[in-house]
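Here is a short note for a colleague who is opening this structure for the first time. Please keep the view at hand while reading the points below.

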2 protein chains.
Amino acid sequence: MVDVAARAGVSVKTVSRVVNNAPYVQPELVERVLAAVAELGFRRNHLASTLRSGQATATIGLLIEEIANPFYATIAGAVAEVAADHDTMLIIASSEEDPAREQQLLRDLCARRVDGLLVVPAGEDHTFLAGEVELGTPAVFLDRPAGGLRADTVLLDNRGGARAGVRRLTADGHRRIAVLLDSTSVYTMRERLAGARDALTEAGAADDPLLVRDGIRDPATAARVVAELLDQPDPPTAFFSLNNRISLGAVEELHRRDSDATLLGFDDFDSARLLPYPLTVIAYDTRTLARTAAELLFRRIRGDRDAPRDVLVPTELVARGLPRR
Amino acid sequence: MVDVAARAGVSVKTVSRVVNNAPYVQPELVERVLAAVAELGFRRNHLASTLRSGQATATIGLLIEEIANPFYATIAGAVAEVAADHDTMLIIASSEEDPAREQQLLRDLCARRVDGLLVVPAGEDHTFLAGEVELGTPAVFLDRPAGGLRADTVLLDNRGGARAGVRRLTADGHRRIAVLLDSTSVYTMRERLAGARDALTEAGAADDPLLVRDGIRDPATAARVVAELLDQPDPPTAFFSLNNRISLGAVEELHRRDSDATLLGFDDFDSARLLPYPLTVIAYDTRTLARTAAELLFRRIRGDRDAPRDVLVPTELVARGLPRR
DNA sequence: CCGAGGTCTGACAACGTTGTCAGATACTCG
DNA sequence: CGAGTATCTGACAACGTTGTCAGACCTCGG
């Protein structure tokens, strides 16, 4: 900037005014400065500018578990759109479900003075963020609640959705319903399991612990568990899978042995209607989840100081497969 | 920092030393400073620190077309891993295939003084980056070549892959092969089309312009085009689709009318083996593409000043479906 | 006992930019 | 014609941090 000023024969302040489109600069000087800028290839240093002016960095941080996962990719896409609407850049960080890494990354994002944080929490304790939030870095949690911190939260209606799904199965006469899940250490899984149990209890169906299987982390395991359950003396007549990875494996196994057991899954997925038989699912709009959270964050960034909000994004039962049996 | 220094009864420089784990500070002072840091909730301002020290910002920029797209999400995930290995944050920006927006975003990333750029180009002209690259912000292009700029480039072997795919079809005796593509305005589509034509010419199969259909942007259109082609007097016996969105729609239509035409597609996709019939595809490892580019970028950031490299990532024919016919 | 070298600390300037303010000139209005 | 206002410019300090350097103290070997 000093070089540009020298070249244009003006002060650095005038250069600053020109590159910021400030008023009250002679057209002739503007031209000289712009010429010097072009000749020297000058680029304003955005970091230095926010340092002095104390203004926002026009950057927000998004912390998710894993970018490549389609669910988080959809979230990232929707957040990026909202950010772009606010001329804001997006730093995306992956916690890989590791609470220590999550804390490290969030601190690092704060050190970079992001204007706000969107967090899909991995850990259970976010009290370390309290100071940052008080100091003016707003945070909005999505998909999972914050631990030990009053903050804006946008969640899916996991429990209500699972309840509606299992209700559909019991309404169709099923009583032996297997529930397949990833891990109860994940909030969403606990909520969905609770919703399934709500509906089983309502219907007076036995909540048989042998029919609830957790630790299913990939389609292959799901297929194996489905096989085991079907090979039992008194096999389930229906399966309720708590995420789409599990649904995928379950479909494969049911199709392989041409079973007539019913499958209903939480989470929609792209190819659901192309599967060997169409799958009924509990669907939701991931983009709405993300956009809601992002818009809430930008309201905070613009200065909204109201009490933290809790938003619940609805789920919907999408009936595709005819109930078999 | 000034406040921390006052509270700990030391100079700001000593505080700086402590928060940077610099040697030669008395343990007692370290303790006092850390206590003051904790009490005041001090967080080092990473922006100011890079400003003065002139060191790297530990941030790289990734420019892609659309985050939510699984292809780009996979790229982003792989890049994020490499970045994490280098303790570097990742800013992801979406050009939405708009060259003007691309230029704007790349300039903005440079203004933020990222240490390097990974670019999946949308535009045809990247000469505006030449200055930045000379000034020390390295850029690596991936999946598509840069326009008018000598820079590191990592590409898929699109042409070779398409050639291998169509060779397989002609080897199976097909002569009327329809080629379905998105748009010839996209580099990868042009390359794949060229590869397909290579193989058709080799086999002496007519490169019938009526059998090449472009402008297919979504599965529904793909299904419609397949239907049209099959309803012609002399329908194709095989389809070669140049991306997986098109494959999806084509499969659906072929399955719907239980056609015995063969389909072979460029791009693998998750549910390929769950489709009504398994699909043979030209596959490649997107993560290798992205990791290669990211690692090349970090080599540049570490100071490698060799001549720009061009890397070609191989494709592979994954035979899943038996040739129908 | 001296000098060399290691350990430890702080004053000061600087990174690239912008806010503040004072000053200069021109224009307007009573 | 003088006062007030609008337009225009630059000197200077400041944002939060770190590089540089000088200086203080200590230890150790000769």
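This is a predicted model: local features need pLDDT of at least 70, side-chain atom pairs count only at pLDDT 80 or more; totals for chains, interfaces and linings use all residues.

1. Which residues touch the most other members of the largest nonpolar core? They are A:V79 and B:V79, in a core that counts 96 residues. As a general background, nonpolar side chains in soluble globular proteins tend to be buried together.

2. A:V79 is also one of the buried residues of helix α5(A), among which are A:Y72, A:A73, A:T74, A:I75 and A:A76 as well. The helix, residues 70-85 of chain A, has 16 residues and reaches 23 Å from its first C-alpha to its last, close to the 22 Å expected at 1.5 Å a residue. The cover over its buried residues includes β1 (59-64), β2 (89-94), β3 (116-119) and α12 (286-301) of chain A, and it also includes α5 and β2 of chain B. Just after α5(A), a positive phi of about 50° is found at A:D87.

3. Helix α12(A) deserves a similar look, since its end C-alpha atoms are 23 Å apart, which agrees with the 22 Å that its 16 residues should span at 1.5 Å a residue. Its buried residues include A:L289, A:A290, A:A293, A:A294, A:L296 and A:L297, and A:T286 and A:R300 are buried too. Among the elements of chain A that cover the buried residues of α12(A) are β1, α5, β3, β4 (139-142), β5 (152-156) and β11 (310-313). Just after α12(A), A:G303 takes a positive phi of about 115°.

4. How are the two chains related? Chain B can be laid on chain A by a turn of 180° and a shift of 0.0 Å along the axis, with an RMSD of 0.0 Å. That is the relation of a two-fold axis. Within chain B, the C-alpha nearest the axis belongs to B:I91 and lies 2.1 Å from it.

5. The contact between the chains takes 35 residues from chain B and 35 residues from chain A. On the side of chain B that touches chain A, at least two residues each are supplied by α4, α5 (70-85), β2 (89-94) and α6 (99-111) of chain B. That side has 19 nonpolar, 9 polar and 7 charged residues. Of the interface residues of chain B, 100% are also interface residues in chain A, so the copies meet through the same surface.

6. DNA strand C is surrounded by 23 residues, of which the closest are A:M1, A:S16, A:N45, B:S11 and B:R52. Two or more residues of this surface come from each of α2 (12-19) and α4 (46-53) of chain A and from α2 (12-19) and α4 (46-53) of chain B. The element that gives the most is α4(A), with 5 residues. By class, the surface near DNA strand C divides into 10 nonpolar, 8 polar and 5 charged residues.

7. The residues near DNA strand D divide into 10 nonpolar, 8 polar and 5 charged.

Definitions and conventions. Residues are numbered from 1 along each chain as its sequence is written. Chains are lettered from A and ligands numbered from 1 in the order in which they are written. A residue is near a molecule or strand if its C-beta atom, placed from the backbone, lies within 6 Å of it. Helices (H or I, at least four residues) and strands (E, at least two) are DSSP runs, numbered from the N terminus. Ala, Val, Leu, Ile, Met, Phe, Trp, Tyr, Cys and Pro count as nonpolar, Asp, Glu, Lys and Arg as charged, and the others, Gly among them, as polar. Copies are superposed by least squares on the C-alpha atoms of residues with pLDDT of at least 70 in both. Two residues are in contact if their C-beta atoms, placed from the backbone, lie within 7 Å. A nonpolar core is a set of buried Ala, Val, Leu, Ile, Met, Phe, Trp, Tyr and Cys residues joined through C-beta atoms within 7 Å. A residue is buried if 20 or more other C-beta atoms lie within 10 Å of its own, exposed if 12 or fewer, and partly exposed in between; C-beta atoms are placed from the backbone. The expected span of a helix is 1.5 Å times one less than its number of residues.
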